Amino acid sequence: MWSLTNISTAIHNWLNQTFNPTWALIMEMVIAGIAVISLFAVLGLVLVLMERRVAAWMQIRLGPNRVGPFGLMQSMADTLKLLVKEGMTPDGSDKFLFNLAPFIAMMVAMLLMAPIAFAKNFQLWDLNIGVLYVSAVSSIMVISILMAGWASNNKYSLMGAMRSGAQIVSYELSAGLSILTVVVFSGSLNITDIINAQADGWWIFKGHIPVLISFVIFIIAVTAETNRAPFDLAEAESELTAGFHTEYSGMKFALFFLAEYINVFIVCAIGATLFLGGWMPFHIGHWEAFNHVMDYIPSSVWFFGKTFFLIFVIMWFRWTFPRLRIDQLLNLEWKYLLPISMFNLLLATAVAILGWHF
Amino acid sequence: MNDDLKNKDSKAPPSGGWGVLKYLKDVFGTVRSLLIGMRRTGYYFTHHKEIITEQYPDNRDTLVLADRFKGEVVMPHDENNEHRCTGCTACELACPNATLKVVTKFDITADGKKKKAIDKLVYHLELCTMCNLCIVACPSDAIVMAQTFEHSVFNRADLTKILNKPGSKIMDGVE
């Protein structure tokens, strides 16, 4: 049967038979890099189109429907437009940092791809501190935003970047604490172990109240961390005119744009892995027939289905809620989310120790 | 969410302080109001009956514009090529950015008296903001707002229009 696991194993075996192990490893790295870059490109195209469609339908509009069948080629046309545009570097900007910032944004997104399990036994790097790695690396993102805002030599960009710094530093706390809830339940930081712990039920069902609370907090916190509405103060189109990437044009702008969507995908993938069982199919207790049908669906479909569901939820937020002010944003984090998630972690620990989960 | 968070800062705490109960009430109230909003947009997402998008160049023939839509100032003429404009310049005075210019002349009436009438009513569409003040100011309802909107031209001079038709004169009985 065709599956991502079989393909990767076949490639691995063939390379090891044909070349010596060092060359095989190098070639595998190259193949993985190409695969990640093409995944980025596809995700960018798909997510931009999806966002515009979801936005349109929620606002009783039609959305892109002219380029190609059902407007499917719209994001291709946009990409082509951005590719042929001139990438300008404004006078008076810090040229080195200005040109470096979009690449750091992309590099962070690329690094975050490493520990994500896309399907059963299909993972770039199964490191034993996967969850810690993700939460650590994702905070480098703020550096690229600060760098872009500072190097632009534009007061609005800098303002957007500073807001973004305050925002990401704050929301990382509650995102981390809500991730910890699942880590407490499954007793491991390894992504594969966490997924395997959900073989008899996803944590959101097995862990009931504490995991539900932490799931809600996680979704709110990652929406803030990826700088999406209602927490898009870093961009704030209406007041800061795109904030930190005001001065960027052409492909450099496109890299920031792409990095935003890749980050949304990654945080949703992490959310799906921790709370919704990653590539684990949906099982109900002892309904053997039902479980077999569910097993028949490939694991990659399960993973991408759950991830895209979460992406849809985050888009739903964006097109429903108004933007928060900076003081409201920090109030929400420090007075509401952080105390609640701290208390929730305590509750989760008690539930895990007393064995009150399923 | 916004209101809850804002009010918490701006209002003085009532006697007895905020308390855990108030805090939890805030949280649940916020979540509830957010869910109400999401239910509304979720309803729109799943129901495509009412679409407000006008697919403009395609539905040009069947396009229905709202009554309040203001496209440009026109002067209606009746079948005898007569209009209602007395040349009182009320519209010119009302216009905030000098869009209208009334050029007057003097007609000789049947009984030999001189009577003020318009020679031209010059309208600069390129300056007009469609504020409707001229229409409101007009005492004899000589000008109205039309619903045309395809105003783009290649030569800017084409946007300067003369509203009264050539050879037109004022209607009888309009003073």
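**Notes on the model**

1. Domain spacing in chain A. Taken over C-alpha atoms, the centres of domain 1 of chain A and domain 2 of chain A are separated by 20 Å. The domain assignment places residues 1–84 in domain 1 of chain A and residues 86–354 in domain 2 of chain A.

2. Contact between the two domains. Domain 1 of chain A puts 18 residues into the contact, and domain 2 of chain A puts in 23 residues. On the side of domain 1 of chain A that touches domain 2 of chain A, the elements giving two or more residues are α1 (4–18), α2 and α3 (74–84) of chain A. The largest share of that side, 11 residues, is supplied by α2(A). Sorted by class, that side of domain 1 of chain A has 12 nonpolar, five polar and one charged residues.

3. Confidence in chain A. The average pLDDT of chain A is 84, and 98% of the residues score at least 70. Within chain A, confidence is highest in helix α14 (residues 299–318) of chain A, at a mean of 89, and lowest in helix α11 (residues 237–240) of chain A, at 69. Where pLDDT is low, predicted coordinates should not be read in detail.

4. Contact between the chains. How many residues of chain A are in contact with chain B? There are 16 residues of chain A in contact with 16 residues of chain B. On the side of chain A that touches chain B, α2 (21–58) and α15 (326–354) of chain A are the elements that give two or more residues. Of these, α15(A) provides the largest share, four residues. By class, the side of chain A that touches chain B has 12 nonpolar, three polar and one charged residues.

5. Trp316(A). This residue lies in helix α14 of chain A, the helix with the highest confidence in chain A. Is Trp316(A) buried or partly exposed? Trp316(A) counts as partly exposed because it has 17 C-beta neighbours inside 10 Å, and a buried residue needs 20 or more. Leaving aside residues up to four places away in sequence, Trp316(A) touches Met38(B), Thr41(B) and Gly42(B). Trp316(A) and Ala350(A) are 34 residues apart along the chain, and their C-alpha atoms are separated by 34 Å.

6. Make-up of chain B. Chain B has four helices and seven strands. Along the sequence, these elements follow the pattern α-α-β-β-α-β-β-α-β-β-β. Of the 175 residues in chain B, 13% are buried. Among contacts in chain B with a separation of 6 or more, 72% are between residues 24 or more positions apart.

7. A sheet in chain B. Three strands of chain B form an open sheet in the order β3-β4-β6, with antiparallel pairing. Its edge strands are β3 (100–108) and β6 (160–162) of chain B, each of which pairs on one side only. From one strand to the next, the twist averages 25°. The antiparallel pairing of β3(B) with strand β4 (residues 114–124) of chain B runs over nine bridges.

Technical notes. Residues are numbered from 1 along each chain as its sequence is written. Chains are lettered from A and ligands numbered from 1 in the order in which they are written. This is a predicted model: local features need pLDDT of at least 70, side-chain atom pairs count only at pLDDT 80 or more; totals for chains, interfaces and linings use all residues. A residue is buried if 20 or more other C-beta atoms lie within 10 Å of its own, exposed if 12 or fewer, and partly exposed in between; C-beta atoms are placed from the backbone. Two residues are in contact if their C-beta atoms, placed from the backbone, lie within 7 Å. Two strands pair if DSSP finds at least two bridges between them. Axes are lines fitted to C-alpha atoms, for helices over the stretch in contact, and angles run from 0 to 180 degrees between N-to-C directions. pLDDT is the predictor's confidence in each residue, from 0 to 100. Ala, Val, Leu, Ile, Met, Phe, Trp, Tyr, Cys and Pro count as nonpolar, Asp, Glu, Lys and Arg as charged, and the others, Gly among them, as polar. Domain bounds come from an automatic or database domain assignment.
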